[in-house]
Amino acid sequence: MNIKQWSVLSLFIFCCAMSLQAQDIAKGKKIYATRCLVCHQADGGGVPNMNAPLDGASNVVGNNIARLVRIIKKGYNEKIALDGFYYSNAMTANPDLSDADIANVLSYVRTSWSNSASKITVAQVQAAKSKK
Amino acid sequence: MKTVKQILVIVLLAVAAQLQAQNNAGLKLPNGFKATLFADTIGSARHIAITQNGVIFAKLMYPNKAGKSIVRLEDANKDGVADKVTGWANYGGTGIFVSGKKLFATSDNDVYLYQLNENDEVVNPLTPKTIVKGLIARNQHASKSITLDGQNNVYVNIGAYSNACQEKDRSPGSKGMMPCPILDSAGGIWKFDGNKENQVYGDGIRYATGLRNVVGLDWNTTTNSLFVTQHGRDQLNSFYPKLYTDAQNAELPAETMYEIKEGDNAGWPYVYFDPYQKKKIVSPEYGGDGMKEGGENAINPTVFFPAHMAPNALLFYTGNQFPEKYKNGAFIAFHGSWNRAPLPQEGYFVAFVPFKNGKPNGEWEIFANGFSGLSGDEKVTNPRKAKARPCGLAQGPDGSLYVSDDSRGSIFKISYSK
């Protein structure tokens, strides 16, 4: 292959990768709309004192992926502290979400609103699950 | 030159004050009513109470920047703005009530009693009497609201630590527990003796049950009975999408006001009140399908309102300042909804219901709006966008109405003049 062919091919691969990523975010947004939005709200702002915000939340954009995966899968029923405030509502468990679903919805919330953290891959979700 | 500058500053300040007075601190009110921003950024002000001298006490959900969780506010020069603001205590909570020189305040577990002196200053800020202790507070609906009945009995809301008493709270398909074990110690109103110290559950009586979470309550001196406003259940569509659409969930169930007689049951968690069918409908967690009626032994609401608006305070107006139609009527502070999403939110205003001879006498209406700070008729789409969220109400000795807010930490004073 010459340089021109190489660049066409790499552009093609790049575009494929982009569209794949875009689709992941779109899927994540759809899951968010049906499962998460009612409590965490369309702007990811949550509800003061009740439902934790996701936009700008240190936990959400942080590196503890195992915790994020566990919260989505298992939910919780306790008062939690986050960035200086407390949130009292129970988080619903989502045991039926696949690893890909979790990767997609996490990628969506970590890159939406003011968040610009890394996207999450299926492999990261699987690794997080094995950590416990 | 310096004097010119000084004069200019004074003029500008006067103009700013005038503008602020003209725009009623941003509130929209009926004709003849005016509002001032009585206090601002005092902390997460939940309920407020006022003495016969007009001194206001606000209970904060969290200690404020000064580390205080009960704030005392006084308007010594009577210009409608608090000029002396102090505070004490370091525990968060919602309930506060003044009875003569006694000041009751609550944490999420306890009810405390402070003594005020002739200037309405607290005598024992560090050593209150503990009137009730050890009440259940498990995350959800943990705040304790209180009122007294004129006979020194304290009525305390103990909210249910659950949405609908499912085996697994807020989980799709999880059944409702039968009977609901929460009702033994929460999900109702408990009555205690306001004179007796260190009372626990066994010393009080369960005055009313089947109330998911009451945040607003007031003793009505016309009927000599307790009235409460309940926060209705959430998420019918989230957990039962086959029975309820998003649009239906946004309007179901009604937020409700009840007149309570000792021993009453308002039906939670087994039923909810549907504002369209005007019936008590069996909850889906208990086999309901959105149509099936239930709650034969449960009371009906005295007034009902659109869903999810969160009625956080109730006050029967007994003053003489407002026009005749307001006399003995009910003001309700709606904190504002979240569970209407993805539809726009509702509430974030103070409503009024006219009463005659202790019964509602006409439709409810919005009395004071604009707390959210959004322009025109723009709806709150996400709760964090609302600048102020009405949470507490108090009637001043001159008949003015005070509204507290736990978001921006403000208190508004609403007055009427012909």
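The points below cover a cavity and a pocket in this predicted model.

1. A search of the whole structure finds one cavity of 30 Å³ or more. The largest cavity holds about 150 Å³ of space.

2. Which residues lie nearest the centre of the largest cavity? They are B:Q230, B:Y258, B:V271, B:Y272 and B:F273. They belong to a lining of 20 residues.

3. Two strands of chain B, β16 (255-260) and β18 (271-274), each supply at least two residues of that cavity lining. The largest share comes from β18(B), with three residues.

4. Twelve of its residues are nonpolar, five are polar and three are charged.

5. Now the open space. The second largest pocket contains about 890 Å³. It is lined by 34 residues, and those closest to its centre are B:I50, B:F97, B:V98, B:D218 and B:L315.

6. Several elements of chain B each give two or more residues to the lining of this second largest pocket: β2 (45-50), β6 (96-99), β10 (146-148), β14 (214-220), β21 (311-316) and β27 (390-395). Which element gives the most? That is β21(B), with five residues.

7. By class, the lining of the second largest pocket has 17 nonpolar residues, 15 polar ones and two charged ones.

Methods
Residues numbered from 1 in each chain as written. Chains lettered and ligands numbered in written order. Predicted model: local features only at pLDDT ≥ 70, side-chain atom pairs only at ≥ 80, totals over all residues. Heavy atoms only, no water. 1 Å grid on protein atoms, 1.4 Å probe; cavity = no way out; pocket = protein on both sides within 12 Å on 5 of 7 lines; lining within 4 Å. Points joined across faces, edges and corners; volume = space filled by probe spheres on them. Helix = DSSP H or I, 4+ residues; strand = E, 2+ residues; numbered from the N terminus. Nonpolar A, V, L, I, M, F, W, Y, C, P; charged D, E, K, R; others polar.
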